[in-house]
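Let's take a quick tour of this one together. Have a look at the picture first, then we'll go through it topic by topic.

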Amino acid sequence: MIDQQDLQLLKTIQHGLPITSRPYAEIGKQIGLNETEVIERIALFMQTGLIKRLGVIVKHQRLGYTANAMVVFDIPDHRVSEVGESISKARFVNLCYQRPRQGKQWPYNLYCMIHGKSREKVCQQLQQLIKSRDLDPYDREILFSKQCFKQRGALYFTPSPSPLSVANG
Amino acid sequence: MLSQLQKKLLNDFQQDFPLSPAPYADIAKTLGVSEQEVLSALQELKQLDFISRIGPVFPPNSLGNSMLVAMSVPEEQLQTVAEIINQFQEVNHNYHRENRFNLWFVLIGNNQNHLHAVISEIESETGFPAMRLPMIANYFINLGFELDWND
């Protein structure tokens, strides 16, 4: 599916494009592709969904979005995908996943993330979400972050063994 | 303070970054400024750490596998335990959250077996059980982060 040069290209661009006049030519030079080849390969990654979006990746905390809450819900299994899809459409929701319940100690199966400029704003947005989606009957917890011990951009292409197998993982 | 140009660059180019030989010149044309102004504005945003990079976002779990893990750790041991966990290169982020489960971290690795092995190692090194929360379904369509400049 993806060849060694694709892999080289992905490894290089995951750290970001150079902020110079001809970024794709510059990337190409590092890995032995010409500018057009780099552009065509990236376009193909986007078409096939290997890359979800290409653009500016903002640091929302630095931009004042300092309140960050993970919200977990216990949604009946037959409704979880419908609710998940609906919640994802709210513009203040970032990330929305279904995960397995962990018995009585943690009965939640739907997770979403809300980033806001203040705690109050996040709570307001959550209330709005609950009201508009009729989620009030379901148990939930809101987990504000207190401290970040580590945060790095996801590096998928690390020098660890057999990176190609990752694509099928 | 951010300039109007910088705000526009932050807001409007989180997706559909031009795939053309001179993308910054194309952006400049759209915004009615010079290429040099766009390059300088973006370089400054990068230097000031308002953007981490201009680049690709990969969908979760299509490349690499991830696992969310939660632990319940007494507050006075939290810093030490977090530091042990952070040493593993698979750990992508690690947060202290307000809950009885107060430590939440995400691992990224080549496959689930590898991740489970790393988590077991973390459990034995820290002495705390880990709640493993793999992803079953992803409902989120990542279109970037909507920025509100009004408040």
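How many residue pairs are in polar contact between chain B and chain A, with both residues at pLDDT 80 or more? The count is 42. Keep in mind that this is a predicted model, so here is what the computed values say about how the two chains meet and how each is put together.

**Where the chains meet**

- On the contact side of things, 81 residues of chain B touch 83 residues of chain A.
- The two chains bury about 8000 Å² between them, and carbon and sulfur atoms give 57% of that area.
- Three residues stand out here: L19(B), Y139(B) and F145(B) supply 11% of the area that chain B buries against chain A, more than any other three residues.
- You'll also find three salt bridges between chain B and chain A.
- In one salt bridge, the side chains of R119(A) and E98(B) come together at 2.8 Å, N to O.

**A strand pair across the chains**

- Strand β1 of chain A (residues 53–58) pairs with strand β1 of chain B (residues 51–57).
- The two strands run in the antiparallel sense, and six bridges link them.
- To spot one of these on screen, find I57(A): its bridge partner in β1(B) is R53(B).
- Is β1(A) enclosed or open? Six of its six residues are buried, so the strand is largely enclosed by the rest of the structure.

**How chain A is laid out**

- Chain A has five helices and five strands.
- Starting at the N terminus, the order of elements is α-α-α-β-β-α-β-β-α-β.
- There are two domains in chain A: domain 1 covers 4–57 and domain 2 covers 67–144.
- The centres of these two domains, taken over C-alpha atoms, are 35 Å apart.
- Of its 169 residues, 49% count as buried.
- Looking at contacts in chain A between residues at least 6 apart in sequence, 62% join residues at least 24 apart.

- F105(B) sits in strand β4 of chain B, which spans residues 103–109.
- Its relative accessible area is 0%, so F105(B) counts as buried.
- Beyond its neighbours within four places in sequence, F105(B) is in contact with several residues, including M67(B), L68(B), V69(B), I85(B) and I122(B).
- H93(B) is also in contact with F105(B); the two are twelve residues apart in sequence, yet 5.5 Å apart in space, C-alpha to C-alpha.

Methods: Residues numbered from 1 in each chain as written. Chains lettered and ligands numbered in written order. Predicted model: local features only at pLDDT ≥ 70, side-chain atom pairs only at ≥ 80, totals over all residues. Heavy atoms only, no water. Domains from an automatic or database assignment. Helix = DSSP H or I, 4+ residues; strand = E, 2+ residues; numbered from the N terminus. Buried < 20%, exposed > 50% of the residue type's maximum accessible area, 1.4 Å probe, protein only. Contact = heavy atoms within 4.5 Å. Pairing = 2+ DSSP bridges. Buried area = accessible area lost by both parts, 1.4 Å probe. Salt bridge = Lys/Arg side-chain N within 4 Å of Asp/Glu carboxyl O. Polar contact = N/O pair within 3.5 Å; in protein donor to acceptor, adjacent residues only side chain to side chain.
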